[in-house]
Amino acid sequence: MQLDLLLHQWNQNKLVFLHNNTNIKSIRFYQKGVAIDSNTLYLLDSTKFLTEKHPAGNFLLYATNPPIALSKNTEDNIIIIEENRNLLEDMNELLSILDRFQKYYDKLYLYIAQNAELDDFIYLIYEFFETKLCILDKNKKLIYNILDFKSVEKIFPLEIQKTNLKRIYGYLGFENTNPLYDSEIEKTAKILGPYLFNRTNALINSKDHFYQSLKNLFQDAFRETDYENLRNITWDLEDDYEIYMMELENGLYYYKNMFINGNRFALDHPMYMYSIIENNKLICLINHKNKSSDTLLQNLGDFVEEYKLKHVRVSLHRNLLQYSKTVSMAKMLLDHDIKLEGPLEKQLNPLVYELAVRFASLEYFIPRELQMLKDHDEKNHSDLLKTLYFYLLEERSLIKASERLNVHRNSIVYRTNKINEIIDIDLDDTDTRSNLLSALEIMYRCGLVE
């Protein structure tokens, strides 16, 4: 590592005089007569440094106060620190810094040997240098950004050797960097250059290929080549997927702000979303693994608001092979104008009741006992059915039910006794209460309970 970075990492009070910022590979105690290595930092007493001749090198001197006099013309890199220190402890501290950097590079090479995923490299670099990074193409356009930041402060070229020439095919882009780390990041980019070339090419090329894979998913015909396309964009079958479907009632030109190159949705990106159009429906497959969904969902919501689009969201429950069934469910919801606020899985009860009302015979869901209460109410102008509904909804609390119906508590007691006279039901049975409440909920939504 560079000498200035080593000294920065070694957080001690010191005076530094650098003639050149050399690369330090080892640290030793200075011994007279031993050849000086330009990539080694030598520790010694300032008196020996002044009295003994030596070749130019990198020296950490333990000096008295005031500091020793230094020649302005010296070619040495000199660091001066107080004399009353423990040399062995300082040696171990400096070696541990070198060791930490060496372990980082060892892990980098190990990941290459193991053909690790892009995410593994991104997180390794992010955790070591403590700054967010992404991958850009040769035109400095974003390819991959799992850390989800918006502004790149500094870029480092990724190169590939072709015959006798090197060419830049992309960049590592960083949100912010300490200039002291530049040489180490440049080294990192140089090591990763050949490896990331194939990875980024696969990522770019798979963008087009995966549109066909989506169509195969829709037809329940996901093939081995589709699995390969999935891996190339670093997606997995069990990632956190969601369908966001919008109905396009007009021609695509009407929605021109939403599309590029004819029919490609403007928000599509291999990191987090692909979409296809089927029968005037824009079907967006969102992968929540690599990116916070807040910004993406906001952008989708902006299009929905701008064009007043009917839309629905349905989770795939971490199973991409459920894509076809989930799309069918989303289509059915849109076609029958069933409105849900937010993701479907958070509104299962309202959905079940809505479907029962729309697609089934109501008589099938209404027990004979409830029909008897309904007939009694119509004949006697009473509210027994409504009372039973709120009585069960409030878990048989007389006080809460009376508050919902705006009557005295004794009225609830009278009505429940009357209900028991008309129909033979056991409200102490959990299943009976659950079934009755579900049926009453359907009747309530149909306006049969007022």
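Q: Which residues gather in a patch of negative charge on the surface?
A: The model is predicted, with local features requiring pLDDT of at least 70, side-chain atom pairs counting only at pLDDT 80 or more, and totals for chains, interfaces and linings using all residues. Residues are numbered from 1 along each chain as its sequence is written, and side-chain values use heavy atoms, with hydrogens and water left out. A patch joins like charges within 9 Å, from residues with over 30% relative accessible area and no salt bridge; Asp and Glu count as negative, and the charge is placed at CG of Asp or CD of Glu. The residues gathered in this surface patch are D424, D426, D429 and D431.

Q: Is D426 buried, partly exposed or exposed?
A: D426 lies in the loop between α14 (409-422) and α15 (430-445), where helices are DSSP runs of H or I with at least four residues, and strands are E runs of at least two. Buried means under 20% relative accessible area, exposed over 50%, and partly exposed in between, with a 1.4 Å probe and protein chains only. Because D426 has 45% relative accessibility, the residue counts as partly exposed.

Q: Which helices do the buried residues of α12 pack against?
A: Helix α12 (residues 384-393) is mostly covered, with 8 of its 10 residues buried. Among them are L384, L388, F390 and Y391. With contact meaning heavy atoms within 4.5 Å, the buried residues of α12 pack against α11 (368-380), α13 (398-405), α14 and α15.

Q: How many residues apart are E117 and R199?
A: A salt bridge, here a side-chain nitrogen of Lys or Arg within 4 Å of a carboxyl oxygen of Asp or Glu, joins E117 to R199, with closest N and O atoms 3.3 Å apart. E117 sits in the loop between α3 (87-113) and α4 (118-129), and R199 in helix α5 (residues 182-218); the separation of these distant parts of the chain is 82 residues.

Q: Which strands hold R313 and E242?
A: The side chains of R313 and E242 form a salt bridge at 2.4 Å, N to O. This pair links distant parts of the chain, 71 residues apart: R313 is in strand β15 (residues 311-315), and E242 is in strand β10 (residues 241-247).

Q: Is E394 buried or exposed?
A: E394 meets R404 in a salt bridge of 2.5 Å, N to O. R404 lies in helix α13 and E394 in the loop between α12 and α13, so the pair ties together parts 10 residues apart in sequence. R404 is partly exposed at 45% relative accessibility. E394, at 17% relative accessibility, counts as buried.

Methods. Patch = residues over 30% accessible without salt bridge, like charges linked within 9 Å, V, L, I, M, F, W, Y side chains within 5 Å. Areas by Shrake-Rupley, 256 points an atom, 1.4 Å probe, with all protein chains shown as cover.
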